[in-house]
Amino acid sequence: MIKIVLADDEHLVRGAIAALLGLEEDLDVVAQVGRGDQVVDAVLEHGAAVAVLDIEMPGATGLEVAGRLRQRTPDCGVVILTSFGRPGYLRRALASGARGFLAKDAPVDQLAGAIRRVHEGGRYIDTDLAAAAMVGGESPLTDREAEVLRAASDGATVARIAASLHLTEGTVRNYMSNAIGKTGSDNRMSAIRTAQDMGWL
């Protein structure tokens, strides 16, 4: 049996995926969690061989969790499920150590196949998402520019962003201006939307 930890903050979605995977003879969902910061403990507690992670979760994103699992329990394979076909997500998922990447609306037999492939040490990448990633190109943003845009995404003022990132307000404005230019946007909200749509944040 392949032991699986399933992480998704949407209770109904998580339950449905677990129920469908439970119909597979060789798959066993040993734990379900709704927060990213609960995954590593659940994997260690249950000796899970594969973690199936949503990207957007409270506590920690699926991409952050993949990186933590690679450090804490590298034998646990990671499959990322996403509702967002954003090009940057695939690159970031692979960089964080994930070996499976597919859309949340994929058929259950495709998800089950991805889990088996990852458990065997292979990779499973949804072909449509891979094609979108190749078309999308690399992020033009530096780490600091992306960090400033992320901090601004909840409507934070320049002063608040500066305080939270330990930067001067002038430096924050410079990073913001660079990010706006690199995304071809007219203002910071447009830059944030573009960067999010491309999976750069």
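**Ground rules**

I am working on a predicted model, where local features need pLDDT of at least 70, side-chain atom pairs count only at pLDDT 80 or more, and totals for chains, interfaces and linings use all residues. Residues are numbered from 1 along each chain as its sequence is written, and side-chain values use heavy atoms, with hydrogens and water left out.

For labels I use DSSP runs numbered from the N terminus: helices are H or I with at least four residues, strands are E with at least two.

**Entry: the sheet**

I started with the strand order. It reads S2-S1-S3-S4-S5-S6, an open sheet of six strands with parallel pairing. Two strands count as paired if DSSP finds at least two bridges between them. Which strands stand at the edges? S2 and S6 (124-125) do; each has a single partner strand, so one side of each is left without a neighbour in the sheet. A reminder to myself: strands of a sheet pair through backbone hydrogen bonds, either parallel or antiparallel.

Next I went through the pairs. S1 (residues 2-7) and S2 (residues 27-33) run parallel and are joined by six bridges. The chain gets from S1 to S2 through helix H1 (residues 11-21), and this β-α-β crossover is right-handed. By right-handed I mean that, with the strands pointing away from the viewer, the path from the first strand over the helix to the second runs clockwise.

In S2, leucine 6 faces glutamine 32, and alanine 7 faces valine 33. On S3, leucine 6 has valine 52 as its bridge partner; the S1 and S3 pairing is parallel, over four bridges.

How covered is S1? Mostly: five of its six residues are buried, where buried is under 20% relative accessible area, exposed is over 50% and partly exposed is in between, with a 1.4 Å probe and protein chains only.

At the other end, S5 (residues 100-103) and S6 pair in the parallel sense over two bridges. Glycine 100 has tyrosine 124 as its bridge partner there.

**Entry: two aspartates**

Aspartate 54 sits in strand S3 (residues 50-54). Buried or exposed? Aspartate 54 is buried, at a relative accessible area of 4%. I listed its contacts (heavy atoms within 4.5 Å), leaving aside neighbours within four places in sequence: Ala7, Asp8, Asp9, Gly62, Leu81 and Lys104.

Aspartate 126 is in the loop between S6 and helix H6 (127-136). This residue is buried too, with a relative accessible area of 11%. Not counting residues up to four places away in sequence, aspartate 126 touches Phe101, Leu102 and Gln110.

Helix H3 (residues 62-72) lies across S3 and strand S4 (77-82), at about 155° to S3. My axes are lines fitted to C-alpha atoms, for helices over the stretch in contact, and angles run from 0 to 180 degrees between N-to-C directions.

H1 and helix H5 (residues 108-119) pack at about 75°, their axes 10 Å apart. They are therefore roughly perpendicular (65 to 115 degrees; under 35 is roughly parallel, over 145 roughly antiparallel, the rest oblique). The contact uses Ile17, Leu20 and Leu21 of H1 with Val108, Leu111, Ala112 and Ile115 of H5.

**Entry: H8 and what follows**

In helix H8 (residues 158-165) I found Ile161, Ala162 and Leu165 buried. They cover an arc of only 100° around the axis, so they are on the same side of H8; the arc is that of the directions from the helix axis to the C-beta atoms. The buried residues of H8 pack against helices H7 (143-152), H9 (169-182) and H10 (188-197).

H8 and H9 meet at about 105°, with axes 9 Å apart, which makes H8 roughly perpendicular to H9. Val158, Ala159, Ile161 and Ala162 of H8 touch Glu169, Val172, Arg173 and Met176 of H9.

What is the phi of histidine 166? Positive, about 60°, although this residue is not a glycine. Most residues other than glycine have a negative phi. Histidine 166 lies in the loop between H8 and H9 and is exposed, with a relative accessible area of 71%.
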